[in-house]
Amino acid sequence: MACYLDTNVIVTRYLPADPNFPAVNTFFKKSHEAKYGSEISVLELYCVFSRLIKGGAVSVVDYASEFESLNVDEKVRVSVEHAIQTWRLRVTVPEISFTKLQISKQAIQMDHRLFEAIRVSSKLGLKTLDTLHIAFASTLREIAIDLETFITLDAEIISKREDIESEFGIQVASPAPEA
Amino acid sequence: MTVIPIRLTRKDARKLDLLVKLGIYQSRTEAIRSMVNAKADEQVTQHLANEKTLRVLKRLLEYEGKEGKNPLRILSDKTAVEIVAEGRE
């Protein structure tokens, strides 16, 4: 069965000191299921690597030392590309439709995925990007029918797994035993 | 639609007119619009993935293939959950 990867799972592979690294690395090596992401995943990877690279917190092995001669933009681009390629992340965008949200005497045409996130925001009470990832993952199922699981290490999201499953029909799981 | 006044050399304008005369496009506007459409994505891709970045990426992937280890490492005391969550606050 296919899964949607939260960004924290993708990034853990770059942090050998992270307590979740062994579990994520095993998941990375042994799981052959299709792995999905969204435009939000790409944006978030760009932002995460940008912050880390600007802070001098990314190192590379000697074999690819030419990495150090790249400018920040190029380093970020290469890191994101590396993450997406090695995880074999499928970034797929469903056909977007718009739903009218009537608010404050305005009729706002919302991307249906954003509307889904708004619809469940009060029930889940999660952060904006957490909610967006889950809404995007669930709407991806229109085109990836075998996508059944949202894989994350975020304890707050995991604590809402029952609500997420009942609202979106997508299971929440962690690659680590006690995340 | 947005109206953008552009200056073209006589030579380029003649090329556009030829495309219209040949019936490839209905008008100069359609010709320009179609060429912008076709070229813009290609140029963005080329700009983002230059020869040097592709070479470095290839080295990274080669290392991973040979050694089975990630050649990139984040140097931080924080966990990935904490690093990603910082951007979600």
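In α4(A), the buried residues are A:K75, A:V76, A:R77, A:V78, A:S79, A:V80, A:H82 and A:A83. A residue is called buried if 20 or more other C-beta atoms lie within 10 Å of its own, exposed if 12 or fewer do, and partly exposed in between, with C-beta atoms placed from the backbone. Helices (H or I, at least four residues) and strands (E, at least two) are DSSP runs, numbered from the N terminus. The model is predicted: local features need pLDDT of at least 70, side-chain atom pairs count only at pLDDT 80 or more, and totals for chains, interfaces and linings use all residues. Residues are numbered from 1 along each chain as its sequence is written, while chains are lettered from A and ligands numbered from 1 in the order in which they are written.

The helix α4(A) has 15 residues and reaches 21 Å from its first C-alpha to its last, close to the 21 Å expected at 1.5 Å a residue. That expected span is 1.5 Å times one less than the number of residues in the helix. The buried residues of α4(A) pack against elements of both chains: α1, α3 and β3 of chain A, and α2, α3 (51–67) and β1 of chain B. Just after α4(A), A:R88 has a positive phi of about 55°.

The contact between the chains involves 38 residues of chain A and 25 residues of chain B. Two residues are in contact if their C-beta atoms, placed from the backbone, lie within 7 Å. On the side of chain A that touches chain B, two or more residues come from each of α1 (7–12), α3 (39–54), β3 (58–60), α4 (72–86) and α6 (128–140). Of these, α4(A) gives the most, with eight residues. By class, this side of chain A has 19 nonpolar, nine polar and ten charged residues. Here Ala, Val, Leu, Ile, Met, Phe, Trp, Tyr, Cys and Pro count as nonpolar, Asp, Glu, Lys and Arg as charged, and the others, Gly among them, as polar.

The chains are also joined through strands. Three bridges link β3(A) to β1 (residues 72–74) of chain B, and the two strands run antiparallel. Strands pair if DSSP finds at least two bridges between them. In this pairing, A:V58 stands opposite B:I74.

Chain B itself has four helices and one strand, in the order α-α-α-β-α from the N terminus. Its radius of gyration is 24 Å, whereas a compact globule of 89 residues would have one near 12 Å. The radius is taken over C-alpha atoms, and the globule rule is 2.2 Å times the number of residues to the power 0.38. Along its principal axes, the C-alpha trace of chain B spans about 65 × 40 × 20 Å. Of the 89 residues of chain B, 13% count as buried.

Helix α2 (residues 28–48) of chain B has 21 residues and reaches 30 Å from its first C-alpha to its last, close to the 30 Å expected. It bends by about 25° at B:K39, the bend being the angle between axes fitted to the seven residues ending there and the seven starting there. None of the 21 residues of α2(B) is buried, so this helix lies largely in the open.

Back in chain A, the loop between β5 (98–103) and β6 (106–111) holds A:S104. Its phi is near 50°, a positive value in a residue other than glycine. Most residues other than glycine have a negative phi. A:K105 is found in the loop between β5 and β6 as well, with a positive phi of about 60°. A:S104 is exposed, with 5 other C-beta atoms within 10 Å, and A:K105 also counts as exposed, with 5 C-beta neighbours inside 10 Å.
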